[in-house]
Amino acid sequence: LGWTLSFFIVFLVPNDVSAAAHCDVEYCGDEAPTNCSGSPLVSQNTLEILWTSLYWSTLCLTFFVYPIMQDYSRCGHFTFVDKMVTSIKMNLLLYTVMICVLIGAAIIYFIHNNLSWSGILDVAMAAANAYGLFLLISLLGHGVVNVPRRLWRASNRKMMLAQSHYELASLSDNLDEAYEKLNQVLKLVRKASDLTPQSDPFRPFVDVIIKKCPPEYAAIMYGEGNFELSYDKLCSLHEKLMNAMHNVQMYTSMYCDMLKSALHHEDISHSKNSGLKYIKWTEKAPRSHAGASILNTLEYVWYCYVESWFLKALCGTSVVMGVLLVWSELIFFLCAADLSIVSLYIRFLRTFVPDLILQISIFLPVVFIAYCSISSLLRLRLFNYYHLIPHGSSDSNSLLFSASYLCRLTSPLAYNFMMMSHYPNTAFIIVMGPINLTPLGKYFQLLFPMVLVPFSLATLFNLYSKILSLLHIKRFQFDEDFLQDNSQIQEGVLIANSERATPCSSALLTSAVSLLLSPTTL
């Protein structure tokens, strides 16, 4: 639900801005639209209803529903009531901080603006939007640099092949470590089972834990470790087992994806170097139908010659769009002269293109902004707490975390684009109102876009990696230097060659624990 509501704005924003663009309103003007022409796909009243529903839905989800669901999914308790009570208790601190911030903002407003009690809701909305705008700008600053950077690196086949081998070796080590930790947890489960006779009141809880163990748990004859039998200890053991099994599945999925990537790049490189006019895939059966030779030739030309230049062209396009975006962000508060590229772009097109073409034209920059910010969020990794993995291997907490922050970006993203386009008379702005936080007041709109510059520069010059290096935190560096680490790259080459005959299957991805663990490892 959170993902669906968040992506819905890429269709609402173009329609809203297009409707406002056909009204006689000066840029930066806050007067009501008049002499409107055109025929928007969605009426003004319907847009206001949609924006109101979307805002309050995402607000409730991100601040009240998802935090409780996150702790509920990670909780090791055995009953619905115990899990719910524990998750609510864990979120009391969050709600306490939120209430204190709201009260503080309300007091400041009372002092400066002589605010009435009915304005407290406006204070809450403004505070939530201000936080969302800061989050959006920080993610956008990261995305406008990393999106073209990823495209440029993807155009280098040699670099991508070396990276695949490098990470394949690293993931192999992580997978072995995950197996070992799961092995330790399973032995602790056996220890708890040995200490709990059938007549013990804790036995039903132990049985619940055992049912979640992989089938190879039966091969463990003796338990190991120190275990004190109590309800809290069993809850903690239950949580450890869930985390250990998820880590095995997560690293298995990542390992299989990286193996497929390595084999993909190897097949292309080998086919190109061998002089073949087609690509001999490891995991794909050769084509045998009538048009096979034509498709094989087109595929060969695309992967060996065209794809690299296509990605470089996309990189150049994203660089230009990123520069124009940063410029529009930094000067969108200026109303004395319209210098925003986004605003000039829309005002130029509205004079001669039909409504549908105008909406499609607005849709493109909206999608670019959304992609830069959302891709930064989805690629974010917070140790083992938040990490999105393909093939359904992401845990519930990571999915809920991403949905929560996508909801937080929804309204700020729409507000930010409409401010850049200098159309504050849209249905969204009518519903939301201007963000005006005292004591920052009107200067908040001047200050928050400036945050984009330091975040962009920090990403451009790899400041985050340098800080982590100073803290002695190991982090993979994707540059020419890692090509010199021949030992780990060669290890990845050996792993890819050994796995080439039997690459990861779909069954392995869906049942990683039961298929990969063997009794000898337990």
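Leaving aside its neighbours within four places in sequence, which residues is D16 in contact with? Select D16 and show everything with heavy atoms within 4.5 Å, the cut-off for contact: beyond those neighbours, the residues are L47, W51, M418, T426, A427 and F428.

This is a predicted model, in which local features need pLDDT of at least 70, side-chain atom pairs count only at pLDDT 80 or more, and totals for chains, interfaces and linings use all residues. Residues are numbered from 1 along each chain as its sequence is written, and side-chain values use heavy atoms, with hydrogens and water left out.

Stay on D16, which sits in helix 2 (residues 9-21); helices are DSSP runs of H or I, at least four residues long, numbered from the N terminus. D16 is buried, meaning under 20% relative accessible area with a 1.4 Å probe, protein chains only. Its side chain has a polar contact of 2.9 Å with that of W51 (a pair of N or O atoms within 3.5 Å, one able to donate a hydrogen and the other to accept it; residues adjacent in sequence count only if both atoms are side-chain atoms).

Next, select V13, V17, W51, I346, F417 and F428, which touch the most other members of the largest nonpolar core, a set of 62 residues. Such a core consists of buried Ala, Val, Leu, Ile, Met, Phe, Trp, Tyr and Cys residues joined through side-chain atoms within 4.5 Å. Helix 12 (396-420) gives the most to this core, with 14 residues.

Now pick F417: V13, V17, V342 and I346 are among its contacts outside four places in sequence. Apart from this core lies another, of 36 residues, including C235 and Y251.

Methods
Helices (H or I, at least four residues) and strands (E, at least two) are DSSP runs, numbered from the N terminus. Buried means under 20% relative accessible area, exposed over 50%, partly exposed in between (1.4 Å probe, protein chains only). Lys and Arg count as positive and Asp and Glu as negative; His and the chain ends are not counted. A salt bridge is a side-chain nitrogen of Lys or Arg within 4 Å of a carboxyl oxygen of Asp or Glu.
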